[in-house]
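I opened the notebook to record what I looked up in this structure.

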Amino acid sequence: MSGTPASDPLTQLPHQRLNLLTNSWVLVCPNRVKRPWQGHTSKPAEAPKSESLSLSTPEEKPVIKNPLCPGATRANGKVNPDYEGVYVFENDFPALMPVDTSEPAADPDNSNPLFQSQLVSGKCHVMCFHPSPELTVAVMSHEQILAVVNKWCELFSELARDYAWVQIFENKGAIMGCSNPHPHCQVWSSSFVPNEARVKDACQREYLEKHGKNLLLDYAAQELQLGTRVVVKNDEWVAVVPYWAVWPFETLVIPLTHVTRLDELSEQQRTGLADIMKRLTTRYDNLFECSFPYSMGFHNQPTGPGAGGTERAVHWQLHAAYYPPLLRSASVQKFMVGYELLAQAQRDITPEQAADMLRAQSELHYTEPR
């Protein structure tokens, strides 16, 4: 069953699959693929277009409308430098901010077990991938993507010294709540380890205790052997539609040797990651010939004070996840509603079918001349 060949009856019948990373089940209902769709459709996502400059008359100084562009004045009055590569700044409207949680006055009254709270501390950064507002990872050069990877590693190393968790994530596309199409990501660093990370830490630890192996390294090796869910690979990384995928074209990106955090990556592994990102996102765009929306991010080993130790953990493996919402076409998306909210995650097409569709795509972007 692990390879789920086309002849397997479960490719047509409803069944459950266990996500070992989170100890949660996903309901797979391939029989639902044929149902007619008369629900909501979205306008297909287009590549960002340059609307960064505004001129009233030829004599006036250009007004830069996009606050992430070089030289732009942001909402708080700060002016971006004329950056030429990757640019990082502290978020002007941060969700988290530095707070001295050690002060006695900072302790909430938690005497009532029904109402528990705690103050948290953190920092939020914005990272612009490139000066051009028209680029996305799929159409950036390998060198441009590598510059982003190197900056991720650098920033992670800096923030991990002070914070228990450093969450790097990119929301791409308006459908994912992205407020600005300029190629960028966010980095939220917190004094606490978030729910998803705590669960993954416990599950990876439990797998090591039971089987004597690193969960994701063991999983990656078996996926490579089976091949049915592998989308792209190179000597350093593999990207698969995971056996337990929830989102239709969800992928999991795993290094092929033991790595717990981004700043451990060698030069060769960083180059390999840039290669995988380029090839994977190009296949995403080519699938429905649109600028494929997604949320993606990295899960590094918890770090710094309050993370339960800073030693390199045998059980933890660095990984990245891509969560795209599109389902049947560029205009039909997957909604997490009803049963998914009230019971458990559910998907229609099988992960094997999704991997087949992605593998079938060219690595030449659809906007490039053939």
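The entries below go from the sheet to the cores, then to a helix pair and some loop residues.

**Entry 1: the model.** I noted before anything else that this is a predicted model.

**Entry 2: the sheet.** I looked up the order of the strands. Nine strands form an open sheet, and they follow the order S5-S6-S8-S7-S12-S13-S11-S10-S9. The pairing is antiparallel. I wrote down a general point here: strands of a sheet pair through backbone hydrogen bonds, either parallel or antiparallel. Which strands are at the edges? They are strand S5 (87-90) and strand S9 (230-233), each of which pairs on one side only. On average, neighbouring strands of this sheet are turned by 20° against each other, with direction ignored.

**Entry 3: S6 and S8.** Strand S6 (residues 122-128) and strand S8 (residues 184-190) run antiparallel and are joined by seven bridges. Opposite Val 126 I found Gln 186 in S8. Helix H1 packs on the sheet and touches S5, S6, strand S7 (165-172), S8 and strand S12 (294-299). The direction of H1 makes about 165° with that of S6.

**Entry 4: strand S12.** How many residues of S12 are buried? I found six of its six, so I put S12 down as mostly covered, buried meaning under 20% relative accessible area. In general, the side chains of a regular strand alternate between the two faces of the sheet. In S12, Tyr 294, Met 296 and Phe 298 point one way, while Ser 295, Gly 297 and His 299 point the other way. S7 is joined to S12 by four bridges, and the two run antiparallel. Asn 171 stands opposite Ser 295 in S12. Five bridges join S12 to strand S13 (residues 319-323), again antiparallel. His 299 has His 319 in S13 as its bridge partner.

**Entry 5: the cores.** I looked up the largest nonpolar core and found 52 residues in it. Trp 152, Phe 249, Val 253 and Phe 298 have the most contacts inside this core. Helix H1 (residues 142-160) gives the most to it, with ten residues. I also listed the contacts of Val 253, leaving aside neighbours within four places in sequence; among them are Trp 237, Leu 273, Ile 276, His 319 and Tyr 322. There is a second, separate core of 15 residues, including Leu 21 and Tyr 219.

**Entry 6: H4 and H6.** The axes of helix H4 (residues 267-288) and helix H6 (residues 351-359) come within 9 Å and cross at roughly 95°. H4 is therefore roughly perpendicular to H6. Arg 283, Tyr 284 and Leu 287 of H4 make the contact with Met 357, Leu 358 and Arg 359 of H6. I sorted the residues of this contact into four nonpolar, no polar and two charged.

**Entry 7: loop residues.** Asn 23 has one of about 55°, and Asn 23 lies in the loop between strand S1 (15-19) and strand S2 (24-28). Glu 289 has a positive phi of about 50° and sits in the loop between H4 and S12. Is Glu 289 buried or exposed? Its relative accessibility is 56%, so Glu 289 counts as exposed. Asp 100, in the loop between S5 and S6, is partly exposed at 43% relative accessible area. The C-alpha atoms of Asp 100 and Ser 121 are separated by 7.2 Å, with the two residues 21 apart along the chain.

Key:
Residues are numbered from 1 along each chain as its sequence is written. This is a predicted model: local features need pLDDT of at least 70, side-chain atom pairs count only at pLDDT 80 or more; totals for chains, interfaces and linings use all residues. Side-chain values use heavy atoms; hydrogens and water are left out. A nonpolar core is a set of buried Ala, Val, Leu, Ile, Met, Phe, Trp, Tyr and Cys residues joined through side-chain atoms within 4.5 Å. Buried means under 20% relative accessible area, exposed over 50%, partly exposed in between (1.4 Å probe, protein chains only). Contact means heavy atoms within 4.5 Å. Two strands pair if DSSP finds at least two bridges between them. Axes are lines fitted to C-alpha atoms, for helices over the stretch in contact, and angles run from 0 to 180 degrees between N-to-C directions. Angles under 35 degrees count as roughly parallel, over 145 as roughly antiparallel, 65 to 115 as roughly perpendicular and the rest as oblique. Ala, Val, Leu, Ile, Met, Phe, Trp, Tyr, Cys and Pro count as nonpolar, Asp, Glu, Lys and Arg as charged, and the others, Gly among them, as polar.
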